[in-house]
Amino acid sequence: MAATIELRSLAKTFGSGPQAVHAFGPADLTIPSGGFVSLLGPSGCGKSTLMLMIAGLLDASRGEILVDGKRVAGPQTDIGIMFQDNTLVPWRTVEGNVALQLEMRGLSPGAHAGRISELLRSVRLEGFAGRYPHELSGGMQQRAAFCQALVHDPDTLLLDEPLGKLDAMTREGIRTDLQALWMKRRPTVVFVTHSIEEAVQLSSTVCVITPRPGRIECAIDIDLPWPRDLDVKSTPEFTGHVHRIQGIFRDYGVI
Ligand SMILES: Nc1ncnc2c1ncn2[C@@H]1O[C@H](COP(=O)(O)OP(=O)(O)OP(=O)(O)O)[C@@H](O)[C@H]1O
């Protein structure tokens, strides 16, 4: 069962006194079970800070985060995390890197071999299971990292700009894979991006975050049909959402 995540008056300030940096909040938000929620905001508005707090890797300064009604008080184990820079280790093959996530959780990769190959197939890496990361393109490495994040079938997936360093064509292809993976298993996804179009294409809800200290300006439900392929981008509904969000960032002087 995918997790429901609630932010309650959540805020983060780094340091204290004149050196203090008010990075995020206060913010209230409910991320529903199985939702795909994007955090869309300018650089430095506290998106990564929020992700680390949801993962339980960073304490809140004020407020709290509840996952399925339970307060987050330390590192969460039932999550998959992915960052802009992948965490593949160079001395393991693609398959070995995916298996590592199971080993770290005390699970037997042998017992999950079917799942590993199913995931690799779903991101079109089945022929590369025995290759090492340096033998893959950047896009293929990120696809392998998706498999790492998903192999233990987590309730929650935290994706912090996983496509940020990829070229436009590769991004488009991986969006399709990511959307298919989400539709199949429906974990709760929190997805950080700078791209308005990417957020509208992938999300059930787009949270528009203001410049630092990041506050949730609005949470926009995107009720376009799934799956959302390239054609959806030319619909008036899609462009309407994009223009509305552009207008908000223009008013803040961000674009
Ligand atoms: N460990 C830290 N110590 C002090 N300040 C920090 C720390 N981590 C983040 N900050 C500050 O908090 C603010 C928010 O940073 P954060 O990385 O969360 O932003 P972001 O929205 O993810 O940015 P980007 O889109 O550029 O990745 C920034 O001003 C940053 O300098």
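## A loop residue to start with

D153 sits in the loop between α4 and β7 (156–160); helices (H or I, at least four residues) and strands (E, at least two) are DSSP runs, numbered from the N terminus. Its phi is positive, about 55°, although D153 is not a glycine. Most residues other than glycine have a negative phi, and most peptide bonds are trans. D153 counts as exposed because it has 12 C-beta neighbours inside 10 Å. Here is the rule: with C-beta atoms placed from the backbone, a residue is buried if 20 or more other C-beta atoms lie within 10 Å of its own, exposed if 12 or fewer, and partly exposed in between.

Before going on, note that this is a predicted model: local features need pLDDT of at least 70, side-chain atom pairs count only at pLDDT 80 or more, and totals for chains, interfaces and linings use all residues. Residues are numbered from 1 along each chain as its sequence is written.

D68 is partly exposed, because 15 C-beta neighbours fall inside 10 Å.

There are cis peptide bonds to look at, too. One runs from G25 to P26, with omega near 5°, and P26 is in strand β2. Another joins W226 and P227, with omega about -10°; P227 is in the loop between β10 (216–221) and α7 (236–251).

## Two domains

The chain splits into domain 1 (5–78 + 155–251) and domain 2 (88–153), with bounds that come from an automatic or database domain assignment. Their centres, taken over C-alpha atoms, are 25 Å apart. Where they meet, 13 residues of domain 1 are in contact with 10 residues of domain 2 (contact means C-beta atoms, placed from the backbone, within 7 Å). Helix α5 (residues 168–185) supplies the largest share of domain 1's side, eight residues. That side has eight nonpolar, two polar and three charged residues. For these classes, Ala, Val, Leu, Ile, Met, Phe, Trp, Tyr, Cys and Pro count as nonpolar, Asp, Glu, Lys and Arg as charged, and the others, Gly among them, as polar.

## The nonpolar core

How many residues are in the largest nonpolar core? There are 62, and L40, F146, C147 and V190 have the most contacts inside it. A nonpolar core is a set of buried Ala, Val, Leu, Ile, Met, Phe, Trp, Tyr and Cys residues joined through C-beta atoms within 7 Å. Helix α4 (residues 138–150) gives the most to this core, six residues, and each of the domains provides at least three. If you skip its neighbours within four places in sequence, F146 touches M82, V123, L178 and L181.

## Around the ligand

Now find the ligand: F14, V21, A23, G41, S43, G44, C45, G46, K47, S48, T49 and R212 surround it, each with its C-beta atom, placed from the backbone, within 6 Å. The elements giving two or more residues to this shell are β2 (21–31) and α1 (47–54), and α1 has the largest share, three residues. By class, the shell has four nonpolar, six polar and two charged residues.

Helix α1 is mostly covered, with six of its eight residues buried: K47, T49, L50, M51, M53 and I54. Just after α1, G56 takes a positive phi of about 80°.

Key. Contact = placed C-beta atoms within 7 Å.
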